[in-house]
Amino acid sequence: MGSSAALIVALAALATGCGGAGSDTGATKPPAGDSATKDSGSGSGSGSGSGSGGAVVDKGGSDTVFRTEERFRQALPDPASMAGWTPRSANAEIEEAPEPAANCGQDADWYCARIARGEANFEAVGEEAQFDLTAFADRSAAQDACRKEKTWSAKYTEAQVPPVPGVDSHAYYRNAGGLDGLNLFMCTGTVVAQVLLEGEGSSLDPATAHSLAQLFASRIHKAAAAQ
């Protein structure tokens, strides 16, 4: 992650706690997206990206630089937009001394040159949903990070999640520490975004991942357009 210090800010408006505005602590599973089919994760498929470390497709996106708490607050899902999920935590880390992109080698962590990062966490019916947003100083640095992340994730089983409109996206399954995970990455403009579904024995429905990714992408684009 580099040695630069970071200013960590809790995004209180996003983490209202159990029963907060727009949250639902009932046992009903949140709606699961459109036409995606359920995948147990036992095999690979065409998915939402190459899964092979291929070139990143730049589908546009804003050149807006995400470096303020307010920008992250606008981009990360909040309780009102996550009906059916209970909010758990949210924060943003603004790097005080970002690592220059020139210092990041080919095998460096993909987020080496980040200038800021934010996350918001929710849970529902034993499953956790985490939204991560990593910001870079410009589109070139973000695209470089996307290429490195794709190369790193190619060793995992690809998840059959439909492409998310307006972004370059790909998804894969990962198992670690007894937890099952479905990671969906999106690259757009100057940011790299991740939706992580995780749970012990979770179904990890690709339709749920697709629905949450569409919500996240929409908020990112609106935040980038905000003045």
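**Exercise 1. Describe the disulfide between Cys104 and Cys112.**

Solution. Cys104 and Cys112 are joined by a disulfide with their sulfur atoms 2.1 Å apart; a disulfide here is a pair of cysteine sulfur atoms within 2.5 Å. The torsion about the S-S bond of Cys104 and Cys112 is about -85 degrees, so this disulfide is left-handed. Cys104 and Cys112 are both buried, where buried means under 20% relative accessible area, exposed over 50%, and partly exposed in between, with a 1.4 Å probe and protein chains only.

The model is predicted: local features need pLDDT of at least 70, side-chain atom pairs count only at pLDDT 80 or more, and totals for chains, interfaces and linings use all residues. Residues are numbered from 1 along each chain as its sequence is written, and side-chain values use heavy atoms, leaving out hydrogens and water.

**Exercise 2. Find how many disulfides the whole structure has, and state the pairing.**

Solution. The search of the whole structure gives two disulfides. Besides Cys104 with Cys112, Cys146 is bonded to Cys187, S to S 2.0 Å. Cys146 lies in helix 2 (residues 139–153) and Cys187 in strand 7, 41 residues apart, and the pair thus links distant parts of the chain. Helices (H or I, at least four residues) and strands (E, at least two) are DSSP runs, numbered from the N terminus. For Cys146 and Cys187 the S-S torsion is about -125 degrees, so that disulfide is left-handed. Cys146 has 1% relative accessibility and therefore counts as buried; Cys187, at 5%, counts as buried too. With the bonded cysteines numbered in sequence order, the pairing is 1-2, 3-4.

**Exercise 3. Give the order of helices and strands along the chain.**

Solution. Count the elements: three helices and eight strands. Then read along the sequence: β-α-β-β-β-α-β-β-β-β-α.

**Exercise 4. Identify the largest nonpolar core and the element that gives the most to it.**

Solution. A nonpolar core is a set of buried Ala, Val, Leu, Ile, Met, Phe, Trp, Tyr and Cys residues joined through side-chain atoms within 4.5 Å. The largest one has 40 residues, and Phe66 and Leu133 have the most contacts inside it. Elements giving two or more residues to this core include helix 1 (69–75), strand 4 (127–135) and helix 3 (206–225). Helix 3 gives the most, eight residues. Next, take Phe66: among the residues it touches are Phe72, Leu133, Val191 and Ile220, residues up to four places away in sequence not being counted. Contact means heavy atoms within 4.5 Å. A second, separate core of 13 residues includes Ala113, Phe136, Ala142 and Cys187.
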